[in-house]
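Here is a short report on one protein chain. Keep the sequence and the 3D view open as you read.

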Amino acid sequence: MAKYILQEMNDLGNTGERKVYPKIQVNYTVSQDEFVDRVQKHLRAVDKGLVIAVTSGVADVLAELLSEGCNVTIDEIGTFSLSLQFLDEKPTEMTSDEDPMIYRKVGVKDVNFKTSPELKKKLYMKTKLSRVTSGVKVIKKKLFTPEERLDRALSIIDSKGFITLSEYAATNNMSHSSASLELSRLTSGPTPPFNTSGRGSHKVWVRAESPDHL
(Lines give C-alpha, C1' and ligand atoms only; values in the text may rest on other atoms or scores of the structure.)
Protein backbone atom coordinates (compact mmCIF):
# COMPACT_ATOMS: atom_id res chain seq x y z
CA MET A 1 0.00 0.00 0.00
CA ALA A 2 1.26 3.46 -0.90
CA LYS A 3 1.51 6.10 1.81
CA TYR A 4 1.05 9.87 1.58
CA ILE A 5 1.47 13.02 3.62
CA LEU A 6 -0.24 16.39 3.56
CA GLN A 7 2.25 19.16 2.81
CA GLU A 8 2.02 22.93 2.82
CA MET A 9 2.54 24.56 -0.58
CA ASN A 10 5.17 27.20 -1.20
CA ASP A 11 3.63 30.68 -1.09
CA LEU A 12 5.38 31.88 -4.24
CA GLY A 13 3.12 34.92 -4.63
CA ASN A 14 3.50 35.97 -0.97
CA THR A 15 -0.30 35.95 -0.57
CA GLY A 16 -0.19 34.72 3.01
CA GLU A 17 -2.36 31.73 2.11
CA ARG A 18 -1.26 28.35 3.45
CA LYS A 19 -2.62 25.85 0.96
CA VAL A 20 -2.09 22.13 1.48
CA TYR A 21 -1.81 19.28 -1.02
CA PRO A 22 -1.38 15.48 -0.73
CA LYS A 23 2.08 14.13 -1.59
CA ILE A 24 3.16 10.54 -2.10
CA GLN A 25 5.82 9.21 0.27
CA VAL A 26 8.35 7.49 -1.98
CA ASN A 27 9.48 4.13 -0.64
CA TYR A 28 12.56 3.87 -2.87
CA THR A 29 13.58 4.17 -6.52
CA VAL A 30 13.28 0.90 -8.44
CA SER A 31 16.45 -0.01 -10.33
CA GLN A 32 16.40 -1.29 -13.90
CA ASP A 33 17.33 -4.79 -12.70
CA GLU A 34 14.37 -4.91 -10.35
CA PHE A 35 12.07 -3.44 -12.99
CA VAL A 36 13.18 -6.08 -15.51
CA ASP A 37 12.63 -8.82 -12.91
CA ARG A 38 9.11 -7.54 -12.24
CA VAL A 39 8.31 -7.41 -15.97
CA GLN A 40 9.66 -10.93 -16.45
CA LYS A 41 7.60 -12.17 -13.49
CA HIS A 42 4.53 -10.49 -14.97
CA LEU A 43 5.05 -12.03 -18.41
CA ARG A 44 6.39 -15.34 -17.03
CA ALA A 45 7.40 -17.09 -20.25
CA VAL A 46 9.62 -14.24 -21.53
CA ASP A 47 13.37 -14.55 -21.04
CA LYS A 48 15.06 -11.88 -18.89
CA GLY A 49 17.58 -11.12 -21.63
CA LEU A 50 14.74 -10.40 -24.02
CA VAL A 51 13.14 -7.98 -21.55
CA ILE A 52 16.46 -6.15 -21.18
CA ALA A 53 16.90 -5.99 -24.96
CA VAL A 54 13.37 -4.65 -25.48
CA THR A 55 13.79 -2.05 -22.72
CA SER A 56 17.07 -0.86 -24.25
CA GLY A 57 15.53 -0.84 -27.74
CA VAL A 58 12.55 1.23 -26.57
CA ALA A 59 14.92 3.80 -25.02
CA ASP A 60 17.05 3.99 -28.20
CA VAL A 61 14.08 4.33 -30.57
CA LEU A 62 12.38 6.84 -28.25
CA ALA A 63 15.53 9.02 -28.24
CA GLU A 64 15.84 8.69 -32.01
CA LEU A 65 12.24 9.73 -32.70
CA LEU A 66 12.25 12.59 -30.18
CA SER A 67 15.51 13.90 -31.68
CA GLU A 68 13.73 14.02 -35.06
CA GLY A 69 11.03 16.29 -33.64
CA CYS A 70 8.38 13.61 -33.18
CA ASN A 71 6.07 13.05 -30.24
CA VAL A 72 5.78 9.38 -29.29
CA THR A 73 2.60 7.77 -27.94
CA ILE A 74 2.65 4.32 -26.33
CA ASP A 75 -1.01 3.53 -25.79
CA GLU A 76 -0.77 1.89 -22.35
CA ILE A 77 1.89 4.27 -21.03
CA GLY A 78 1.51 7.79 -22.44
CA THR A 79 2.93 10.42 -24.78
CA PHE A 80 6.54 11.61 -24.76
CA SER A 81 7.62 14.97 -26.21
CA LEU A 82 10.83 17.00 -26.25
CA SER A 83 11.34 20.07 -24.06
CA LEU A 84 13.82 22.76 -25.17
CA GLN A 85 15.69 25.62 -23.53
CA PHE A 86 17.97 28.51 -24.45
CA LEU A 87 21.62 27.63 -23.90
CA ASP A 88 22.85 31.21 -23.97
CA GLU A 89 22.43 34.02 -21.47
CA LYS A 90 20.74 36.50 -23.80
CA PRO A 91 17.39 38.11 -22.84
CA THR A 92 14.30 35.94 -23.31
CA GLU A 93 11.93 38.88 -23.83
CA MET A 94 11.12 40.29 -27.28
CA THR A 95 11.78 44.00 -27.66
CA SER A 96 9.15 44.38 -30.41
CA ASP A 97 6.97 42.39 -32.83
CA GLU A 98 9.74 42.71 -35.41
CA ASP A 99 12.42 41.30 -33.09
CA PRO A 100 13.72 38.13 -34.85
CA MET A 101 15.79 37.02 -31.81
CA ILE A 102 18.54 35.79 -34.11
CA TYR A 103 21.79 34.10 -33.07
CA ARG A 104 20.13 32.17 -30.23
CA LYS A 105 21.55 28.85 -29.03
CA VAL A 106 18.86 26.29 -28.24
CA GLY A 107 19.23 22.74 -26.90
CA VAL A 108 17.46 19.89 -25.17
CA LYS A 109 16.12 20.55 -21.67
CA ASP A 110 14.13 17.44 -20.81
CA VAL A 111 11.42 15.05 -21.96
CA ASN A 112 7.79 15.84 -21.20
CA PHE A 113 5.46 12.96 -20.38
CA LYS A 114 1.65 12.88 -20.39
CA THR A 115 0.03 9.82 -18.88
CA SER A 116 -2.29 7.79 -21.09
CA PRO A 117 -5.95 7.23 -20.06
CA GLU A 118 -5.22 3.49 -19.94
CA LEU A 119 -2.40 3.93 -17.40
CA LYS A 120 -4.47 6.35 -15.32
CA LYS A 121 -7.31 3.84 -15.19
CA LYS A 122 -4.95 1.11 -14.00
CA LEU A 123 -3.54 3.44 -11.32
CA TYR A 124 -7.03 4.38 -10.09
CA MET A 125 -7.90 0.68 -9.79
CA LYS A 126 -4.64 -0.57 -8.22
CA THR A 127 -3.57 2.26 -5.91
CA LYS A 128 -4.64 2.04 -2.27
CA LEU A 129 -3.50 4.92 -0.07
CA SER A 130 -2.97 5.42 3.65
CA ARG A 131 -1.93 8.58 5.44
CA VAL A 132 1.43 8.54 7.24
CA THR A 133 0.65 11.09 9.97
CA SER A 134 -2.29 13.19 11.08
CA GLY A 135 -0.34 16.47 10.85
CA VAL A 136 0.69 18.68 7.93
CA LYS A 137 4.32 18.93 6.83
CA VAL A 138 5.34 22.58 6.78
CA ILE A 139 7.68 23.69 4.01
CA LYS A 140 11.08 24.77 5.29
CA LYS A 141 11.76 28.43 4.69
CA LYS A 142 14.86 29.08 2.63
CA LEU A 143 17.45 30.63 4.90
CA PHE A 144 20.04 31.29 2.20
CA THR A 145 20.16 33.02 -1.16
CA PRO A 146 20.87 30.93 -4.30
CA GLU A 147 24.43 32.25 -4.30
CA GLU A 148 24.92 31.30 -0.64
CA ARG A 149 23.51 27.82 -1.26
CA LEU A 150 25.93 27.35 -4.15
CA ASP A 151 28.90 28.50 -2.07
CA ARG A 152 27.92 26.20 0.82
CA ALA A 153 27.66 23.22 -1.54
CA LEU A 154 31.00 23.98 -3.21
CA SER A 155 32.65 24.15 0.22
CA ILE A 156 31.50 20.60 0.94
CA ILE A 157 32.65 19.45 -2.50
CA ASP A 158 36.07 21.06 -1.99
CA SER A 159 36.32 19.32 1.39
CA LYS A 160 35.30 15.76 0.44
CA GLY A 161 35.21 15.76 -3.37
CA PHE A 162 31.45 15.49 -3.83
CA ILE A 163 28.04 16.27 -2.31
CA THR A 164 24.94 14.07 -2.11
CA LEU A 165 21.33 15.18 -2.55
CA SER A 166 20.69 14.68 1.16
CA GLU A 167 23.74 16.77 2.07
CA TYR A 168 22.72 19.58 -0.31
CA ALA A 169 19.23 19.61 1.20
CA ALA A 170 20.45 19.50 4.81
CA THR A 171 23.20 22.12 4.52
CA ASN A 172 20.84 24.56 2.78
CA ASN A 173 17.74 23.86 4.91
CA MET A 174 15.74 22.62 1.91
CA SER A 175 13.37 19.75 1.22
CA HIS A 176 14.70 16.88 -0.89
CA SER A 177 12.37 17.78 -3.77
CA SER A 178 13.43 21.44 -3.79
CA ALA A 179 17.10 20.45 -3.55
CA SER A 180 16.70 17.98 -6.42
CA LEU A 181 15.07 20.61 -8.65
CA GLU A 182 17.76 23.17 -7.84
CA LEU A 183 20.59 20.71 -8.52
CA SER A 184 18.95 19.77 -11.82
CA ARG A 185 18.85 23.46 -12.76
CA LEU A 186 22.44 24.03 -11.66
CA THR A 187 23.75 21.14 -13.78
CA SER A 188 22.09 22.40 -16.97
CA GLY A 189 23.21 25.23 -19.23
CA PRO A 190 26.51 26.01 -20.93
CA THR A 191 28.65 26.62 -17.81
CA PRO A 192 27.22 24.64 -14.87
CA PRO A 193 29.02 24.78 -11.49
CA PHE A 194 28.34 21.06 -10.93
CA ASN A 195 28.68 17.80 -12.81
CA THR A 196 27.06 14.53 -11.76
CA SER A 197 28.70 11.21 -11.10
CA GLY A 198 27.07 7.83 -10.53
CA ARG A 199 23.43 6.87 -10.98
CA GLY A 200 20.32 6.28 -8.89
CA SER A 201 20.95 6.15 -5.15
CA HIS A 202 24.71 6.45 -5.82
CA LYS A 203 24.40 9.74 -7.73
CA VAL A 204 26.56 12.59 -6.40
CA TRP A 205 27.50 16.10 -7.56
CA VAL A 206 31.09 17.21 -8.15
CA ARG A 207 32.68 20.50 -9.08
CA ALA A 208 32.58 21.16 -12.81
CA GLU A 209 35.85 21.56 -14.65
CA SER A 210 34.84 24.95 -15.97
CA PRO A 211 37.31 27.81 -15.47
CA ASP A 212 34.40 30.02 -14.44
CA HIS A 213 33.92 27.98 -11.27
CA LEU A 214 37.42 26.88 -10.36
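Predicted model: local features only at pLDDT ≥ 70, side-chain atom pairs only at ≥ 80, totals over all residues.

Start with Phe80, which has a relative accessibility of 16%. Buried means under 20%, so Phe80 counts as buried. Phe113 comes out at 41% relative accessibility and therefore counts as partly exposed.

A search of the whole structure finds 2 aromatic pairs. In one of them, the ring centres of Phe80 and Phe113 are 5.0 Å apart. Their planes make an angle of 45°, so this pair is tilted. Phe80 belongs to strand S4 and Phe113 to strand S5. The two residues are 33 residues apart, so to speak of the chain, the pair links distant parts.

## The sheet around them

Strands S4 and S5 belong to an open sheet of 3 strands. The order is S3-S4-S5, and the pairing is antiparallel. Strand S3 (72-74) and strand S5 (106-115) stand at the edges. Each has a single partner strand, so one side of each is left without a neighbour in the sheet. On average, neighbouring strands are turned by 25° against each other, direction ignored.

Strand S4 covers residues 78-86 and pairs with S5 over 9 bridges. Within this pairing, Phe86 stands opposite Val106 in S5. Helix H2 (residues 48-67) packs on the sheet and touches S3, S4 and S5. The direction of H2 makes about 55° with that of S4.

## A nonpolar core

Which residues touch the most other members of the largest nonpolar core? They are Ile163, Tyr168 and Phe194, in a core of 13 residues. Helices H4 (146-160), H5 (165-171) and H6 (176-186) each supply at least two residues of this core. H4 gives the largest share, with 4 residues.

Tyr168 is buried, at 0% relative accessibility. Phe194 is also buried, with a relative accessible area of 0%. The ring centres of Tyr168 and Phe194 are 6.5 Å apart. Their planes stand at 85°, so the pair is edge-to-face. Tyr168 lies in helix H5, and Phe194 lies in strand S7 (residues 194-197). The two are 26 residues apart.

## Charges over rings

What sits over the ring of Phe86? The charged end of Arg104 does, 3.8 Å from the ring centre. Elsewhere, Arg152 lies over the face of Phe144, at 4.0 Å from the ring centre.

Terms used
Residues numbered from 1 in each chain as written. Heavy atoms only, no water. Pairing = 2+ DSSP bridges. Axes fitted to C-alpha atoms, helices over the stretch in contact; angles between N-to-C directions. Contact = heavy atoms within 4.5 Å. Core = buried A, V, L, I, M, F, W, Y, C linked by side-chain atoms within 4.5 Å. Buried < 20%, exposed > 50% of the residue type's maximum accessible area, 1.4 Å probe, protein only. Phe/Tyr/Trp six-rings, centres within 6.5 Å; stacked < 30°, edge-to-face > 60°. Lys NZ or Arg CZ within 6 Å of the ring centre and 35° of its normal.
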